[in-house]
Amino acid sequence: LCERLRRELHGMVDQKIEEVLTCLGEREMELNEEVELPLTSLPACFKGKKPISIIYPDGVEIHATNWKRVVFYLLKNCAEDEAMRRRLMIIIGRVYGRSRILLADKGDTMDIPIEFYPNMFVEAKFDTEAMIRVITKRIFKQIGYDYSGIRLKIIDAL
């Protein structure tokens, strides 16, 4: 049992180190060079970057030139799937940040609400890294939405 746990732990550490190395490698990109990063990258990899578009696994590319549009389109695409929409409806009102609700059926209690589907709002008063983390870890992962094939095309913010 201990040996199996040790192997699993080493595997997780190796994976995190690879993610960090990938992120660091992307930081060395030349100015104005467009780069595609998977949405599964460390959220810190997107900090200081400007989004250009979202590329879905089927090749569809949606232009989104600011992070609020990225949030809107990622969640809208998720909610357009009937099964995922039902799962989102189950967690509405149950996803909290430190001091406020992050996913709700009304935006009146949020600082910067984004309505991505009728009666579905997400709080968008976060920096880029936190917003990516909220969407992927607190929402998508919780409802079982597979975002592993989604890539974001980004460029260094000047």
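1. Exposed means over 50% relative accessible area, buried means under 20%, and partly exposed is in between (1.4 Å probe, protein chains only). Helices (H or I, at least four residues) and strands (E, at least two) are DSSP runs, numbered from the N terminus. The model is a predicted one, in which local features need pLDDT of at least 70 and side-chain atom pairs count only at pLDDT 80 or more, while totals for chains, interfaces and linings use all residues. Residues are numbered from 1 along each chain as its sequence is written, and side-chain values use heavy atoms, with hydrogens and water left out.

2. Which residues of helix 3 are buried? In this helix, residues 82-91, they are Met84, Arg85, Leu88 and Ile91. Seen down the helix axis, these buried residues fall within an arc of 125°, so they line one face of helix 3. The arc is that of the directions from the helix axis to the C-beta atoms. An α-helix has 3.6 residues a turn, so residues three or four places apart point the same way.

3. The buried residues of helix 3 pack against helix 2 (67-79), strand 4 (103-104), strand 5 (113-117), strand 6 (120-123) and helix 4 (128-143). Contact here means heavy atoms within 4.5 Å. Leu88 touches Cys78, Ala79, Leu103, Phe116, Met120, Ile139 and Ile143, not counting residues up to four places away in sequence.

4. The ends of helix 3 can be described too. At its start, a side-chain oxygen of Asp81 reaches to within 3.0 Å of the backbone nitrogen of Ala83. After helix 3 comes Gly93, with a positive phi near 85°. Asn119 also has a positive phi, near 65°, and is a residue other than glycine. Asn119 is found in the loop between strand 5 and strand 6.

5. The largest nonpolar core has 40 residues. Such a core is a set of buried Ala, Val, Leu, Ile, Met, Phe, Trp, Tyr and Cys residues joined through side-chain atoms within 4.5 Å. The residues with the most contacts inside this core are Leu88, Leu103, Phe116, Val122, Ile139, Phe140 and Leu152. At least two core residues each come from strand 1 (35-38), helix 2, helix 3, strand 5, strand 6, helix 4 and strand 7. Helix 2 supplies the largest share, 8 residues.

6. Tyr145 lies in the loop between helix 4 and strand 7 (151-156). Is Tyr145 buried or exposed? Its relative accessibility is 13%, so Tyr145 counts as buried. Leaving aside neighbours within four places in sequence, Tyr145 is in contact with Asn77, Cys78, Met84, Phe140 and Ile150. The side chains of Tyr145 and Asn77 make a polar contact of 3.0 Å. A polar contact is a pair of N or O atoms within 3.5 Å; within protein, one must be able to donate a hydrogen and the other to accept it, and residues adjacent in sequence count only if both atoms are side-chain atoms. Tyr145 and Ala83 are 62 residues apart in sequence and 9.6 Å apart in space, C-alpha to C-alpha.

7. Asp156 is found in strand 7. Asp156 is buried, with a relative accessible area of 15%. Its side chain is joined to that of Lys49 by a polar contact of 2.9 Å.

8. How many salt bridges are there? The count comes to 13, a salt bridge being a side-chain nitrogen of Lys or Arg within 4 Å of a carboxyl oxygen of Asp or Glu. One of them joins the side chains of Lys153 and Glu61 (3.1 Å, N to O). Lys153 lies in strand 7 and Glu61 in strand 3 (residues 61-63), so this pair ties together parts that are 92 residues apart in sequence. Lys153 is buried, at 16% relative accessible area, whereas Glu61 is partly exposed at 34%.

9. Glu129 forms a salt bridge with Arg133, with the closest N and O atoms 3.5 Å apart. Both residues lie in helix 4, 4 residues apart, about one turn of the helix. Glu129 counts as buried at 17% relative accessibility, and Arg133 is partly exposed at 37%.

10. The count of disulfides comes to 0, a disulfide being a pair of cysteine sulfur atoms within 2.5 Å. Cys2 counts as exposed at 65% relative accessibility, whereas Cys78 counts as buried at 0%.
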